[in-house]
Amino acid sequence: ASLLPQRKACSFVAMAEQHQKQLQQQQQQQQKEQDKMQLVHQVSEQDDLGCVRDIELTDDHTLHVAEQHSLENDCGCVVWDAALVLVNYLVKQAEIGELSFTGKRVIELGAGTGVVGLTAAALGAAEVLLTDLPHHVQHISGNIKRNGLQQTTMAAALEWGQQPLPAPVAAPYDIVLCSDLVYQPHAVQQLLSSMRDLAGPGSVVYASCEYRAGAGLEEMWRLMPAYGLQEELVPYTDLHEDWRSPDILVWKIIKQPQQQQQRQQQQQFQEQQQHLHKQQHQHLQE
């Protein structure tokens, strides 16, 4: 009889241990399910954003730029090398006092991820408008918010050559930014038209592009005077020493003075007339 309480106590202990073991197993299973759901969520989020790149501008400022890998075969979905070359050139020029964004109105064409325009905002621009095709606007807006630049920066849809300019585009801008936009020869004239329409007499267009044979760069340089634009290639040594490549060009573009434009237009008219007269003379001889 004296062993009964001990047996009951042992039975209760065994039951408690078994219950505790079952409880631990349930908690472990729940944790596995939670971890699985979190992993699925992370993968889904990664599929939407691609990845977020940290781009150091200065010791005090780093941009966080999400790429959009879900857009296959789309030129605006990643940060291209030509954009990084232009970004670091702008930072270098600002650091040595050759360029100031303070108080400036800035617009970027074909912004893609928005990294170049976001750099202008981070360097103190008063107003920055990042433009691209409509399906990029939401993603660019996300990068603006990600970097806390909503007070000065916004995204909007704009097609090159579009007239009249849609709201909120309000030309002229002090600085126009273009990065790796020349890759389709048939779009060169629309791009030049937008550069001309968005710039004013004192504006500067900063552009970068990776050289690709047959992509339209030669055509763009040839047509610039016809659009009242004058370009100056940035010397290779002026680019950031850690961010430059012989096949990536950077140049500054300005609007030609009105008198110079008029002279060029008159010269072009005379050349057209001479060509027409030559054709007529050949026709008469035939």
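1. The model is a predicted one. Of its 286 residues, 37% are buried.

2. On secondary structure, the protein has seven helices and nine strands. Take the contacts between residues at least 6 apart in sequence: 69% of these join residues at least 24 apart.

3. The largest nonpolar core has 39 residues, and Leu 90, Val 115 and Tyr 206 are the ones that touch the most other members. Helix α2 (residues 81–95) gives this core its largest share, nine residues. A separate core of 29 residues lies apart from it, and its members include Ala 156, Val 205, Leu 217 and Met 224. As background, nonpolar side chains in soluble globular proteins tend to be buried together.

4. Which residues does Leu 90 contact, leaving aside its neighbours within four places in sequence? They are Leu 99, Phe 101, Val 116, Leu 123, Leu 177 and Tyr 206. Tyr 206 was named above with Leu 90 among the core residues that touch the most other members.

5. Thr 119 belongs to helix α3 (residues 115–122). Its relative accessibility is 0%, so Thr 119 counts as buried. Setting aside neighbours within four places in sequence, Thr 119 is in contact with Leu 57, Leu 63, Val 87 and Val 91.

6. Where is empty space left inside? Rolling a probe the size of a water molecule over the atoms shows this. In this model there is one cavity of 30 Å³ or more, and the largest cavity has a volume of about 40 Å³. Its lining consists of Cys 178, Leu 181, Val 182, Leu 191, Met 195, Ala 207, Ser 208, Met 220 and Trp 251. By class, the lining residues are eight nonpolar, one polar and no charged. Two elements, α5 (188–198) and β7 (199–210), each supply at least two residues of the lining.

7. Ala 215 sits in the loop between β7 and α6. Is Ala 215 buried or exposed? With a relative accessibility of 5%, Ala 215 counts as buried. Apart from neighbours within four places in sequence, Ala 215 is in contact with Val 182, Tyr 183, Gln 184 and Pro 185. Between Ala 215 and Tyr 183 the C-alpha to C-alpha distance is 4.5 Å, although the two are 32 residues apart in sequence.

8. Tyr 183 is found in the loop between β6 and α5. Tyr 183 counts as partly exposed because its relative accessibility is 32%, and that value lies between the limits of 20% and 50%. Tyr 211 is 28 residues away from Tyr 183 along the chain, and their C-alpha atoms are separated by 9.0 Å.

Key. Residues numbered from 1 in each chain as written. Predicted model: local features only at pLDDT ≥ 70, side-chain atom pairs only at ≥ 80, totals over all residues. Heavy atoms only, no water. 1 Å grid on protein atoms, 1.4 Å probe; cavity = no way out; pocket = protein on both sides within 12 Å on 5 of 7 lines; lining within 4 Å. Points joined across faces, edges and corners; volume = space filled by probe spheres on them. Helix = DSSP H or I, 4+ residues; strand = E, 2+ residues; numbered from the N terminus. Nonpolar A, V, L, I, M, F, W, Y, C, P; charged D, E, K, R; others polar. Buried < 20%, exposed > 50% of the residue type's maximum accessible area, 1.4 Å probe, protein only. Contact = heavy atoms within 4.5 Å. Core = buried A, V, L, I, M, F, W, Y, C linked by side-chain atoms within 4.5 Å.
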